[in-house]
Amino acid sequence: MKADQQLVRTVDVHDRVGNVVGSKDVVLYAGLLNQAHEEGLLKVCTSILQIPTEENGRLAIVKAEVQTAKGLFEAVGDACPENVDEFLAPHLIRVAETRAKARALRDAVNVGVVSYEELDGVSLNRDSSPGSGAPIAARSPRHSGNGNGTARSRSNGHSRPPRSSNGNEPMSEAQRRYLFRIMSGQGFQKEAAENRLKDLFEVSDLAEITKVAATKMIDELLNAAPGNGNGGNGAEARHLR
Amino acid sequence: MEPKRVISVSQVNTYLGCPLKYRFQYIDKIPRPWRVASMAFGTSVHAAVEWFHKERLAGRTADMAEVLKVFDADWYAQNVEPLVFSERESKDSLAEKGRAMLQLYVESGNGTMPVAVEQPFELDLVDPETGELLDVRIRGIIDLVEADQTLVDLKTAGRTLEQGGLERHLQLSTYALAFLLQHGDIPKLRLDMLLKTAKPRLERHPTTRSVEDLGWTARLIREVSLAIETEHFFPNPSWRCTECEYFAHCQQWRGTWPDEQLVAISDGEGVGEIAGA
Ligand code: SF4
């Protein structure tokens, strides 16, 4: 697809200690935004669905709405200290917002390739042409290492700090509460909600649900809710605010 | 340049309650093997109140049945993982109490419209008395801002405030400090307490702070931040130990608890005994 070809960049994929273990095609937020403008972008707005607190594991969830001549597109983005670079941890709401906007923009301009801003554990290849550059500037500290040798530093001097997350951690308490709220908005209460969630995730116990799977499901449920770009009245999203 | 340390109001409160618990929770990041039911209950009530005010903020009439639905869904979700109840409480009794408390809260509205709900702030800490920049950032979330610029904190509790509790309330002091640093005035403050008494009660406690109070608050936060930076993590045994999720880890820290028992407790076994210890 033409749009994909113009927007796509190749990025390095790192393991938990910063070694490059592969590469992946991604699109950049700036490129998506340009494309959306070309396609008649009318509005981009966001609302915070969950503010990060100590009680919810500092998980920020933001919903974005993108309106173009083709219609209204909604998506959610999340960010918590485990899925952002260490230096971005104080800015979780902003990261979640960028991720939500990137996902909504991808739907709006019909790009199937995941965006750079949605990912954790990747960096742009040195020889990759960087688009309009904003993401590179924002991410440059990843290459600088900490190197100050203080006892409190969690950086190991590699190009990337070690990660505490491997994507298989169980869903957070906040995600679980959030999913039950969505279920309630869909008319499933208590045990019925629990059973519905087990069916949706194809698990026999909610403890088997991972953080990553929960994030995807929340996104899907909100996207399937009436009132978004896919048609309907937004009852669930409203119920969650 | 190293980014400035950012500290939240709840971190400061946790550290002041018990520095060792702070270490277990925020530095070692030990998953809580269980939670005290009253804390989870407060969070569910809070979620429903937040939803109620957000509906009002959006210009919609918040329906009581919908408020209760939010509470029920949240409380059910909280109970999916192990909660430790006091002898007098159970999942069902608290569900009933929560519904009654929310009914009371919604019906006793003071008519003032919210202008912000769950408003986050994060800013460089400054001593308002001297203007000194204190080398730490503070962040928090204000439960409710009313149209007359009253900043409100909502708490659920088993009993009313102790003497001096309102003046010492760190969350309200930090709200006021953040407001002063952002807007240059000291706001009105209020602590709304929903009491889990046999017949639920709602108490509204208005208060305010002086610049001297807020200077003290800023310096207190700076000192806590420095103590954390320099790794001063010692136990502070108190009534809080009876509901501390890290009781077993604390015993191990003292060296009086065998490792096997710690593993069993971390897996959720024997939490009743721990909570009542
Ligand atoms: S049991 Fe008591 S002293 Fe030990 S960590 Fe918990 S609150 Fe602190």
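# Exercises on a predicted two-chain model

B:Phe41 is found in helix α3 of chain B. Keep in mind that this is a predicted model. Let's work through it piece by piece.

**Exercise 1. Work out whether B:Phe41 is buried or exposed, and say which residues it touches.**

Step one: check the accessibility. B:Phe41 has a relative accessible area of 0%, and buried means under 20%, so B:Phe41 is buried.

Step two: list the contacts, skipping residues up to four places away in sequence. B:Phe41 touches B:Phe71, B:Trp75, B:Leu94, B:Lys97, B:Gly98, B:Met101 and B:Lys196.

Step three: look along the chain. B:Phe41 and B:Thr156 are 115 residues apart in sequence, yet their C-alpha atoms sit 8.4 Å apart in space.

**Exercise 2. Find how many aromatic pairs the whole structure has, then classify two of them.**

Step one: count. Searching the whole structure over all chains gives 10 aromatic pairs.

Step two: take A:Phe180 and B:Tyr76. Their ring centres are 5.4 Å apart and their planes meet at 45°, so this pair is tilted. A:Phe180 belongs to helix α5 (residues 173–185) of chain A, while B:Tyr76 belongs to helix α4 (residues 64–78) of chain B, so the pair joins two chains. As for accessibility, A:Phe180 and B:Tyr76 are both buried.

Step three: take B:Phe41 and B:Phe71. Here the centres are 6.1 Å apart with the planes at 85°, so the pair is edge-to-face. B:Phe41 is in helix α3 (residues 37–57) of chain B and B:Phe71 is in helix α4 of chain B, so the pair ties together parts that are 30 residues apart in sequence. B:Phe71 has a relative accessible area of 0%, so B:Phe71 is buried.

Step four: look for a cluster. Ring pairs link B:Tyr15, B:Tyr22, B:Tyr26 and B:Phe233 into one.

**Exercise 3. Describe helix α7 of chain B: how many residues does it have, and how many of them are buried?**

Step one: size it up. Helix α7 of chain B covers residues 170–183, which is 14 residues. From its first C-alpha to its last, this helix reaches 20 Å, close to the 20 Å expected at 1.5 Å a residue.

Step two: check burial. In α7(B), 11 of the 14 residues are buried, so the helix is largely enclosed by the rest of the structure. Among them are B:Leu170, B:Gln171, B:Tyr175 and B:Phe179.

Step three: see what comes next. B:Gly184 follows α7(B), and its phi is positive, near 85°.

**Exercise 4. Say which residues are around the ligand, and sort them by class.**

Step one: the residues around the ligand are B:Cys18, B:Lys21, B:Pro235, B:Asn236, B:Pro237, B:Cys241, B:Cys244, B:Phe247 and B:Cys250.

Step two: sorted by class, this shell has 7 nonpolar, 1 polar and 1 charged residues.

Step three: pick out one cysteine. B:Cys241 has 27% relative accessibility, so B:Cys241 counts as partly exposed.

Step four: how many disulfides does a search of the whole structure find? Over all chains, the search finds 0 disulfides.

**Exercise 5. Step back and summarise chain B.**

Step one: chain B has 11 helices and 8 strands.

Step two: of its 277 residues, 49% count as buried.

Step three: consider the contacts in chain B with a separation of 6 or more. Residues 24 or more positions apart account for 71% of these.

Definitions and conventions
Residues are numbered from 1 along each chain as its sequence is written. Chains are lettered from A and ligands numbered from 1 in the order in which they are written. This is a predicted model: local features need pLDDT of at least 70, side-chain atom pairs count only at pLDDT 80 or more; totals for chains, interfaces and linings use all residues. Side-chain values use heavy atoms; hydrogens and water are left out. A residue is near a molecule or strand if one of its heavy atoms lies within 4 Å of it. Ala, Val, Leu, Ile, Met, Phe, Trp, Tyr, Cys and Pro count as nonpolar, Asp, Glu, Lys and Arg as charged, and the others, Gly among them, as polar. Rings of Phe, Tyr and Trp (its six-membered ring) pair if their centres lie within 6.5 Å; planes under 30 degrees apart count as stacked, over 60 as edge-to-face and the rest as tilted. Helices (H or I, at least four residues) and strands (E, at least two) are DSSP runs, numbered from the N terminus. Buried means under 20% relative accessible area, exposed over 50%, partly exposed in between (1.4 Å probe, protein chains only). A disulfide is a pair of cysteine sulfur atoms within 2.5 Å. The expected span of a helix is 1.5 Å times one less than its number of residues. Contact means heavy atoms within 4.5 Å.
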